[in-house]
Amino acid sequence: MMVNSFKTSKEGGEEYIFSPMTDEKGAQEECNTIIAPLMNKYDSLVTSVDRILDEIEPSETSEYCIYRVPQKIRKINEEAYNPRVISIGPFHHGDERFRSMEVFKKRYFKKVVRRDGGAHLKNYIEFLKCCEASIRQCYSEIIEMDSDEFVTMMLVDGCFIIELLLRTYYTDFRDADHSILSATRLFNDIYRDLILLENQIPFFVLEGIFNLAMTDFKPHPLRDLTLNFFKNYNVQQKSPPDFISIKHFTDLILILHRPKSQREVKEFKYTSSATKLNEAGVKFTAGSSNCLLDIKFSDGVLEIPCITLYDNTESLIRNLMALELCHYPGDSYMIDYFFFMDFLLNTPNDVDLLSQNGIIENWLGDSKQAADLFNNINKNCVIIDSNFYFSALSEELNAYCKVPRHKWKATLKHDYLNSPWRTASTSAAIVLLLLTFIQTVSSILGAAKGN
């Protein structure tokens with residue numbers, strides 16, 4: 001390219017004169033000479049930002065399965081997500097509140113690694129060192145612990161859980177330490193803490209430690225021991241083939257609550273409260289299924305499996321929903337269930353109606369507490385509008401309520417036939433009305449005949 005003329009420009013009070021160049025290379029060199037001083041003053045900022053980019057670890061989101069509960073969810077009820085007596089894994093490690101339980105954890109750790117027939121301590125450490133990177137990738141945030149501290153924590157926590165499962169299943173493993181831990185209140189708190197989402201270690205870590213500890217002794221598989229420990233949640237009587245891949249204990253409990261049937265993809269639909277549905281002619285009955293999500297509607301009867309509400313129910317529900325929110329956002333069964341129940345249970349009267357029909361077993365105190373639980377449990381949670389598990393059911397209920405005769409029948413039964421005395425008085429009134437009508441017609445006919 002040839003430049004045949006001078007060009008001048010003024011910027012910031014300074015005049016730059018571009019002299020003619022005989023070729024493109026010369027023009028580029030002159031431009032660089034002019035621009036370079038302007039760029040040099042940003043070098044320090046460029047270096048600083050570049051350093052930040054280098055410090056960012058590559059994302060391994062596909063491996064995440066243990067999460068910090070999102071703050072918008074956690075702030076609604078902090079206690080539901082925090083351990084009471086014991087920390088497992090890195091998120092709550094080192095908390096002073098759990099120092100006394102560290103003693104029991106280390107005692108159980110010693111029982112496992114010193115038991116005859118097990119592997120040498122070196123084998124446990126080699127196993128954890130080899131898979132340390134994979135373990136760290138299971139957590140949704142960078143764990144600020146050095147390698148030795150991290151591996152030691154995993155070994156102690158893993159051995160504690162293995163020993164607890166063995167002692168729960170086999171009486172021969174129990175001693176004085178077990179009698180202390182099996183005290184009702186303490187054991188219930190440990191049981192609760194072991195299902196918290198932030199209080200987990202990967203299940204493959206437990207399986208690796210278990211296999212090393214049981215080198216000579218051949219007990220039942222670890223999954224059988226785990227199912228036995230959490231048998232209170234296995235009301236559907238699921239067995240290991242039903243869950244080939246278990247990520248951790250919270251994931252296991254979620255699997256145990258899921259229905260065996262697949263969801264039908266439909267648009268999200270609201271439905272009315274239990275009392276309004278009842279006024280529209282819908283009857284309620286307790287379902288025979290052991291799966292909470294097996295809710296059915298047929299011939300005007302809504303069949304809902306019984307749910308028991310007790311002190312730890314909210315903590316259990318919130319942690320299962322937090323796992324779905326973080327890990328299964330497009331396949332959230334528990335979130336969908338409690339959204340649907342929130343539609344039904346707006347007031348204490350709704351709770352009373354379902355309790356009277358055996359659908360809610362309320363150990364929380366009064367009906368208001370139960371209604372508050374269902375009304376607050378979904379705050380800041382989201383559902384997928386196009387994938388709501390109860391869309392078809394809600395659609396059926398809404399269609400039923402639009403038929404006028406269903407409401408008329410319900411009103412008649414509710415207002416005039418709801419007790420033997422009222423039924424008798426209503427029947428007598430109808431008979432009297434018919435007799436009066438017959439008498440009136442007869443009188444009219446007699447008068448007409450006479451005329």
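This is a short exchange on how labels were assigned in a predicted model.

Reader: What makes up the secondary structure of the chain, and how much of the chain is buried?
Author: The chain has 20 helices and 7 strands. Buried residues make up 42% of its 451 residues.

Reader: What is the mean pLDDT of the chain, and which elements have the lowest and highest mean pLDDT?
Author: The mean for the chain is 84, and 80% of the residues reach 70 or more. Strand 1 (residues 7-11) has the lowest mean among the elements, 46. Helix 6 (residues 132-136) has the highest, 97. Over residues 1-22 the pLDDT is below 50. That stretch still has 31 contacts in the model beyond near neighbours in sequence.

Reader: Why is Thr-226 called buried?
Author: Its relative accessible area is 1%. Buried means under 20%. Therefore Thr-226 counts as buried.

Reader: Where is Thr-226, and which residues does Thr-226 touch?
Author: Thr-226 sits in helix 11 (residues 222-229). Leaving out residues up to four places away in sequence, Thr-226 touches Leu-165, Phe-203, Phe-249 and Leu-252.

Reader: What makes the pair of Leu-222 and Thr-226 a polar contact?
Author: A polar atom of the Thr-226 side chain lies 2.8 Å from the backbone oxygen of Leu-222. The cut-off is 3.5 Å. The distance of 2.8 Å is within 3.5 Å.

Reader: Why is the pair of Arg-74 and Glu-198 called a salt bridge?
Author: The closest N and O atoms are 2.5 Å apart. The rule asks for a side-chain nitrogen of Lys or Arg within 4 Å of a carboxyl oxygen of Asp or Glu. So the pair of Arg-74 and Glu-198 qualifies.

Reader: Which parts of the chain does this pair link?
Author: Distant ones. Arg-74 is in helix 3 (residues 71-74). Glu-198 is in the loop between helix 9 (184-193) and helix 10 (203-213). The two residues are 124 residues apart.

Reader: Are Arg-74 and Glu-198 buried or exposed?
Author: Buried, by the cut-off of under 20%. Arg-74 has 9% relative accessibility. Glu-198 has 2%.

Reader: What about Glu-96 and Arg-99: buried or exposed?
Author: Exposed. The label needs over 50%. Glu-96 has a relative accessible area of 51%, and Arg-99 has 55%. Their side chains meet in a salt bridge at 2.6 Å, N to O.

Reader: How do you know that Glu-207 and Arg-223 form a salt bridge?
Author: The N to O distance is 3.4 Å. That is within 4 Å, so the pair counts. Glu-207 lies in helix 10 and Arg-223 in helix 11, so the bridge ties together parts that are 16 residues apart in sequence.

Reader: What accessibility label does each of Glu-207 and Arg-223 get?
Author: Glu-207 is partly exposed, at 25%. Arg-223 is buried, at 18%.

Reader: How many salt bridges does the rule give, and which residues are linked in a network?
Author: The count is 20. Lys-111, Arg-115, Glu-163, Arg-167 and Asp-175 are linked in a network of salt bridges.

Reader: Why is Leu-53 called exposed?
Author: Leu-53 has 52% relative accessibility. The label needs over 50%, so Leu-53 counts as exposed. Leu-53 is in helix 2 (residues 43-55). With Leu-45 and Val-49, Leu-53 forms a nonpolar patch on the surface. Together the three have about 280 Å² of accessible area.

Reader: What makes phi worth a remark at Asp-299?
Author: Most residues other than glycine have a negative phi. Asp-299 is not a glycine, yet its phi is positive, about 50 degrees. Asp-299 lies in the loop between strand 4 (296-298) and strand 5 (301-305). Asp-299 is exposed, at 78%.

Reader: What is phi at Asn-380, and where is Asn-380?
Author: Phi is near 65 degrees, again a positive value in a residue other than glycine. Asn-380 is in the loop between helix 17 (367-376) and helix 18 (391-401). Its relative accessible area is 36%, so the label is partly exposed.

Methods. Residues numbered from 1 in each chain as written. Heavy atoms only, no water. Helix = DSSP H or I, 4+ residues; strand = E, 2+ residues; numbered from the N terminus. Buried < 20%, exposed > 50% of the residue type's maximum accessible area, 1.4 Å probe, protein only. Polar contact = N/O pair within 3.5 Å; in protein donor to acceptor, adjacent residues only side chain to side chain. Contact = heavy atoms within 4.5 Å. Patch = residues over 30% accessible without salt bridge, like charges linked within 9 Å, V, L, I, M, F, W, Y side chains within 5 Å. Areas by Shrake-Rupley, 256 points an atom, 1.4 Å probe, with all protein chains shown as cover. pLDDT = per-residue confidence, 0-100.
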